[in-house]
Amino acid sequence: MTMFLQSLSLRKASVFLFFYFLAFPLHVSARPATFLQDFRVTWSDSHIKQIDGGRAIQLVLDQYAGCGFASKAKYLFGRVSMRIKLIPGDSAGTVTAFYMNSDTDAVRDELDFEFLGNRTGQPYTVQTNIFAHGKGDREQRVNLWFDPAADFHLYTIFWNHQHIVFYVDDVPIRVYKNHEAKGIPFPKLQPMGVYSTLWEADDWATRGGLEKIDWSKAPFYAYYKDFDIEGCPVPGPATCASNRGNWWEGATYQALNAMEARKYRWVRMNHMIYDYCTDKSRYPTTPPECVAGI
């Protein structure tokens with residue numbers, strides 16, 4: 001009798017676990033790739049140095065050149081992340097960018113992280129921007145609440161049919177929801193490559209261009225590691241992007257969870273310094289996606 005009850009309990013437990021994981025699918029992250037597995041140098045090969053057998057890289061900016069790299073494939077939906085240690089000290093006038101881009105000119109889709117250099121002692125600012133069907137100018141700026149040059153931090157772009165989320169470590173700093181039903185463009189048709197660049201932009205990057213780059217501090221270094229891309233590669237299986245069985249389309253990824261929502265509100269209340277949605281000098285009429293809710 002005891003063995004029968006134990007068997008019954010095990011069957012109940014198995015049924016419970018089956019339905020639990022059906023509703024809340026587990027996501028086991030792939031092992032971060034080496035640089036050359038997924039990426040190629042696109043600009044100034046001499047300014048990108050592989051470290052630790054290609055598991056990390058160093059980007060260099062000096063008076064002669066910046067540099068950049070891109071993924072070998074494009075992707076449609078999924079998650080892209082990498083750990084970055086930004087330029088320490090006086091980095092004013094520099095921009096370290098990590099972004100996705102469809103590379104389709106006037107009708108491009110693009111999802112941007114841009115880390116704007118600072119004078120020593122000032123907070124690092126991260127600017128995000130979203131282009132959908134060729135329309136951009138959706139900048140938001142957040143002052144980071146830690147020193148991103150002291151250690152590596154994880155930066156993530158998450159993209160599914162419901163929303164796009166920018167994360168700093170496990171903190172969402174930007175959400176762009178799919179409001180196509182209200183006539184608002186949402187990137188979903190064009191695959192995007194993954195890119196990163198380190199370059200000089202002292203005409204706008206720091207305090208609107210008031211702070212210029214100090215070349216006596218050059219060369220400037222940024223470091224990357226833990227490259228992780230999980231998405232539908234293009235070219236690849238034609239049905240991948242529409243497959244609702246992909247982990248990033250699961251029930252737990254359709255919206256921020258309660259803890260993420262609290263962190264998101266905390267960032268917007270305490271660390272956001274610019275939001276195009278509230279810039280009446282640029283947009284006397286509030287952009288429709290802002291009215292719909294971001």
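How many salt bridges does the count come to by this rule? The count comes to 13 salt bridges, where a salt bridge is a side-chain nitrogen of Lys or Arg within 4 Å of a carboxyl oxygen of Asp or Glu.

## Basis of the model

This is a predicted model, in which local features need pLDDT of at least 70 and side-chain atom pairs count only at pLDDT 80 or more, while totals for chains, interfaces and linings use all residues. Residues are numbered from 1 along each chain as its sequence is written, and side-chain values use heavy atoms, with hydrogens and water left out.

## Overall architecture

The secondary structure of the protein comes to four helices and 14 strands; helices (H or I, at least four residues) and strands (E, at least two) are DSSP runs, numbered from the N terminus. Of the 294 residues in the protein, 50% are buried, with buried meaning under 20% relative accessible area, exposed over 50%, and partly exposed in between (1.4 Å probe, protein chains only).

Among the contacts in the protein with a separation of 6 or more, 67% are accounted for by residues 24 or more positions apart, a contact being heavy atoms within 4.5 Å.

## Salt bridges

D226 and R83 form a salt bridge in which the closest N and O atoms are 3.0 Å apart. The pair links distant parts of the chain, with D226 in strand β13 (residues 220–234) and R83 in strand β4 (residues 67–85), 143 residues apart. D226 is partly exposed at a relative accessible area of 27%, and R83 is likewise partly exposed, at 28% relative accessibility. Another salt bridge joins D170 to K263, with 2.7 Å between the closest N and O atoms. This pair also links distant parts of the chain, 93 residues apart: D170 is in the loop between β10 (163–168) and β11 (171–177), and K263 is in helix α3 (residues 258–270). D170 has a relative accessible area of 45% and is partly exposed, as is K263 at 23% relative accessibility.

In the salt bridge between the side chains of R108 and E110, the N to O distance is 2.8 Å. R108 counts as partly exposed, at 25% relative accessibility, whereas E110 is buried, with a relative accessible area of 8%. Salt bridges also link R79, D228 and E230 in a network.

## Nonpolar cores

The largest nonpolar core has 59 residues, of which F69, M82, F98, F113, Y155, V194 and Y224 touch the most other members; a nonpolar core is a set of buried Ala, Val, Leu, Ile, Met, Phe, Trp, Tyr and Cys residues joined through side-chain atoms within 4.5 Å. Strand β4 gives the most to this core, with eight residues. Another core, of eight residues, lies apart from it and has A70, V95, Y99 and L116 among its members.

## Aromatic pairs and charges over rings

A pair of aromatic rings is described by the distance of the centres and the angle of the planes. Rings of Phe, Tyr and Trp (its six-membered ring) pair if their centres lie within 6.5 Å, and planes under 30 degrees apart count as stacked, over 60 as edge-to-face and the rest as tilted. By this rule the count comes to 23 aromatic pairs. The rings of Y176 and F186 have centres 6.2 Å apart and planes at 10°, so this pair is stacked. Y176 in strand β11 and F186 in the loop between β11 and β12 (192–200) are ten residues apart, and both of these residues are buried. Y276 and Y283, by contrast, form an edge-to-face pair, with 6.0 Å from centre to centre and 75° between the planes; Y276 and Y283 are buried. One aromatic cluster is formed by F35, F39, F69, Y224 and F227.

A charge sits over a ring if NZ of Lys or CZ of Arg is within 6 Å of the ring centre and within 35 degrees of the ring normal. K85 lies over the face of Y223, 5.6 Å from the ring centre, and the charged end of R108 sits over the ring of F131, at 3.9 Å from its centre.

## The annotated residue N118

UniProt lists N118 for "glycosylation site" in an unreviewed entry; UniProt positions are given in the numbering used here, feature names are shortened, and annotations may be inferred rather than shown by experiment. In the model, N118 is placed in the loop between β6 (110–116) and β7 (125–131), and N118 is buried, with a relative accessible area of 7%. Leaving aside neighbours within four places in sequence, N118 is in contact with G89, D90, S91, A92, P123, Y124 and T206.
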